[in-house]
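This briefing is meant to be read alongside the sequence and the coordinates. It takes up the contact between the chains and then the sheet within each chain.

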Protein chains: 2
Amino acid sequence: MNLKLIGQDVIASVLKMPRAIELMREAYAELSAGSVDSPLRTALVNEVGTVLYKPAYSKAAEILCVKVISVFPGNAEKGLPVIPGVIVVNSAETGMPVAILEAGYLTSLRTGAATGLATDLFAKKEAKVAALFGTGGQSRHQLEAMLCARDFETVYVFSRNAENAERFCRENADIARGCQLVPNAERTVLKLCDVITTATTSAVALFEWDEVADDVHVNAIGALGPMRTELTAETLLQSAVVVDDREACLREAGEICLMRQAGLVGDDYYPAEIGELLDGPDLQGVPTVFRSVGNAAQDLLCSAEILRITEAQNLGVIAQF
Amino acid sequence: MNLKLIGQDVIASVLKMPRAIELMREAYAELSAGSVDSPLRTALVNEVGTVLYKPAYSKAAEILCVKVISVFPGNAEKGLPVIPGVIVVNSAETGMPVAILEAGYLTSLRTGAATGLATDLFAKKEAKVAALFGTGGQSRHQLEAMLCARDFETVYVFSRNAENAERFCRENADIARGCQLVPNAERTVLKLCDVITTATTSAVALFEWDEVADDVHVNAIGALGPMRTELTAETLLQSAVVVDDREACLREAGEICLMRQAGLVGDDYYPAEIGELLDGPDLQGVPTVFRSVGNAAQDLLCSAEILRITEAQNLGVIAQF
C-alpha cells in the first residue's frame, strides 16, 4: 500500500490564510446548498478524552475524507498536543486510501479562516479595533484571519491569565503587520471594538451586551457543548445571529443550547447560515454574531486543495508499507 | 508527527488464524457484554462506491480505532482491490494517532476467524465434510478458518463460474493440510456436508433446506444489505440462528431483513449472539446458522494484538512527517 503523508510544515507552506478564507466560502456554499455530505460526527469517549470521527464527501472535491481528531485536555501537562489528529483521504473514483494529513494545524487554520470570512462579510468596512478572547491553540490563526479581513490598528488580547496574554502578543508580533497587539487592557476598551473574537472554553459569558458597541461583529468559535458559553443570551438576542451549520449549532453551540433551554427562543429558532449570506443581505451597521462549531466540509475542501498542490509540486512523504 | 505504518505482510506474519480465532472469542464476549463501544458505522456513498467508517473502543484494548473501508466493485477491472482500506489507531491514554494498518487483509482474516470460532462452537465434533460457496477475496481465510476448527477430509468448492472454483482449489492447496479440495461437485454432495460456509454477494439463496443434512452447521458471511440473501428463510427457520451483533444483523443481514419483511418472523425476533454462547448452551446435533455482518470490535482486538507484537518485535515502518 502507498500513502502520501502530509505534515504540518507542508500544509503551512501550501495553504495560506487568504486562500483558506476563499475555501471556507466554497465550503459553506456547498454546505448550505446541501451538496456536501457531512453526516453527524461519531464520538468515542473514555475517562481522559474524546476522539471525534468526522467524515465528509462532495462531488466537487473529488475525494472523501474523515478527520479523526482527539480532545485530551490532560495532554498539555505531558507536553503533547491537546487536539491531535489526522485526516484520512480516499479517492472518490476508486475508494483507495491516498493520503494522511496532520489535522491539528489544519483544524486551527480552517477555524481561523471561518472567522476571516465572517469578519469580511459582516464587520464594518472601516473596522480598526478588535478584541481577541483566549490565547490557546486556536488563537494565532484567529488573529491572522481577522488581520486578513480588515486593516486593524489595534487588537486587544484578553486571557484569564495575564501572562498568557502578554506572551501571546509577544509571540504573534510576527503576523501583526503594523497592527498593535495590546495585552490585558481595561475592559472599557470593549466599547471601542468593531470586532470581537472569542476562542475559549469558558463556562461563563466573557462580556455583557452593555459593555460592547451596538454595531459590533462577534466571532464565537469556542464553548463547545451545552455546558459552556462565551456570549450572553442578550448578546445573541440583540444581534443578527449567523451560524456555520444550523443543525449542529442548535445541538452543540453552548449559547444557543442555553437560550433554548431557558425558553428565550422557541423551538422554531432558525438562525441564518453563513452559506446563505455569501452574496448578502448586507448586515453592515447591524450587530452580528457568527457562531461556528466547525464542519467536516471545511476539512474536506482544505484537504482537496492541499492534495492538489502537493501533487503538482511533488511535496509530502510517500510511504510504502 | 510520527505514525507506525503496518502493511499486509507484517500483519500476515504476526497474526495467524488460530490466534485470530481466540481474539474473536474475546471480541464477541466484549460485544455481547456491552464492554466495547462500536457505534453504528457511517457510510459515504457516490455513484461508484461506498466508504464505510467503523470506529470502536474498549478499555481492555487500550486503543481506539476506526476502520475506513471502501467497497468499489469497479476496481476489479482496474486491477485494484475491491475492498481497500486502512485502520487508524489512537492511544486510549493520550488520544494521539499512533498507527495506520492496512485493512483489506485484516478484514478478510478476522472475518475468516469468526467463521472458525462459530464452526468450533457449533459444528459437530466429528465433522469431516464441508462446502464453501464463493471464491472471492474472503474465501481463502474462510477455508483456512474451517480447517483450523475441524479435521475436514473434503471441502467442496462452489462458484457461479466453474473456472473460478478450479483456480481456487489449485491456489489454496497450500493450506489444505491433507484435506481434499474438490471444485464443481454435483450438488447432491451438499447432503453429506457437516459444515457449509457461504461467502458470496448472491441475490438468491445458494441452496434449499431439503438439499442439506438436518444437522448441518452453516456460516453465512456475505450478502450484506436487504437486497441480498445467501440462505432460504426455511434454512433459518429450521435452524438455531446465531448472529455476531443482533442490532446490526436485524438491520443488515439480507436473509433476516427478508424474513421480517415477509412476516415470517415477528418484530420480537431475537436471535442469539455468539458472544452469549461462548460457554454453551450446547447446540451440537441441532442445525445451526451463524450469520455475521462484521463488527468493529473484531478489528479493534486484532489491531491491539498486532500493535503489541509489532512493538515488541520492532516491526512496521515508522513514518515521520
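How many salt bridges does the rule find across the interface of chain A and chain B? In this predicted model, the rule finds 2 salt bridges across that interface. One of the salt bridges joins Lys59(B) to Glu47(A), and the closest N and O atoms of this pair are 3.5 Å apart.

**Interface between chain A and chain B**

- The contact involves 47 residues of chain A and 47 residues of chain B, and the two chains bury about 3,600 Å² between them, with 72% of that area on carbon and sulfur atoms.
- Counting pairs in which both residues are at pLDDT 80 or more, 9 residue pairs are in polar contact between chain A and chain B.
- The elements that give two or more residues to the side of chain A that touches chain B include strand 1 (2-6), strand 3 (42-45), strand 4 (50-58) and strand 5 (63-71) of chain A, and among them are also strand 6 (85-91), strand 7 (97-102) and strand 16 (317-320) of chain A.
- Sorted by class, that side of chain A has 30 nonpolar, 11 polar and 6 charged residues.

**Sheet of chain A**

- In chain A, 8 strands form an open sheet with parallel pairing, in the order 10-9-8-11-12-15-13-14, and its edge strands, strand 10 (180-183) and strand 14 (272-273) of chain A, each pair on one side only.
- Strand 13 (residues 240-243) and strand 15 (residues 288-291) of chain A run parallel and are joined by 4 bridges, with Val241(A) standing opposite Val289(A) in strand 15 of chain A.
- Helix 3 (residues 104-122) of chain A packs on the sheet, where it touches strand 11 (195-198), strand 12 (217-220), strand 13 and strand 15 of chain A, and its direction makes about 165° with that of strand 12 of chain A.
- Helix 5 (residues 162-171) of chain A also packs on the sheet, touching strand 8 (129-133), strand 9 (154-158) and strand 10 of chain A, with its direction at about 165° to that of strand 10 of chain A.

**Sheet of chain B**

- In chain B, 8 strands form an open sheet in the order 10-9-8-11-12-15-13-14, and the pairing is parallel; strand 10 (180-183) and strand 14 (272-273) of chain B are the edge strands.
- Strand 11 (residues 195-198) and strand 12 (residues 217-220) of chain B run parallel with 4 bridges joining them, and Thr197(B) stands opposite Asn219(B) in strand 12 of chain B.
- Helix 3 (residues 104-122) of chain B packs on the sheet, touching strand 11, strand 12, strand 13 (240-243) and strand 15 (288-291) of chain B.
- Helix 4 (residues 139-149) of chain B lies across strand 8 (129-133), strand 9 (154-158), strand 10 and strand 11 of chain B, and runs at about 165° to strand 8 of chain B.

Key:
Residues numbered from 1 in each chain as written. Chains lettered and ligands numbered in written order. Predicted model: local features only at pLDDT ≥ 70, side-chain atom pairs only at ≥ 80, totals over all residues. Heavy atoms only, no water. Contact = heavy atoms within 4.5 Å. Buried area = accessible area lost by both parts, 1.4 Å probe. Salt bridge = Lys/Arg side-chain N within 4 Å of Asp/Glu carboxyl O. Polar contact = N/O pair within 3.5 Å; in protein donor to acceptor, adjacent residues only side chain to side chain. Nonpolar A, V, L, I, M, F, W, Y, C, P; charged D, E, K, R; others polar. Pairing = 2+ DSSP bridges. Axes fitted to C-alpha atoms, helices over the stretch in contact; angles between N-to-C directions.
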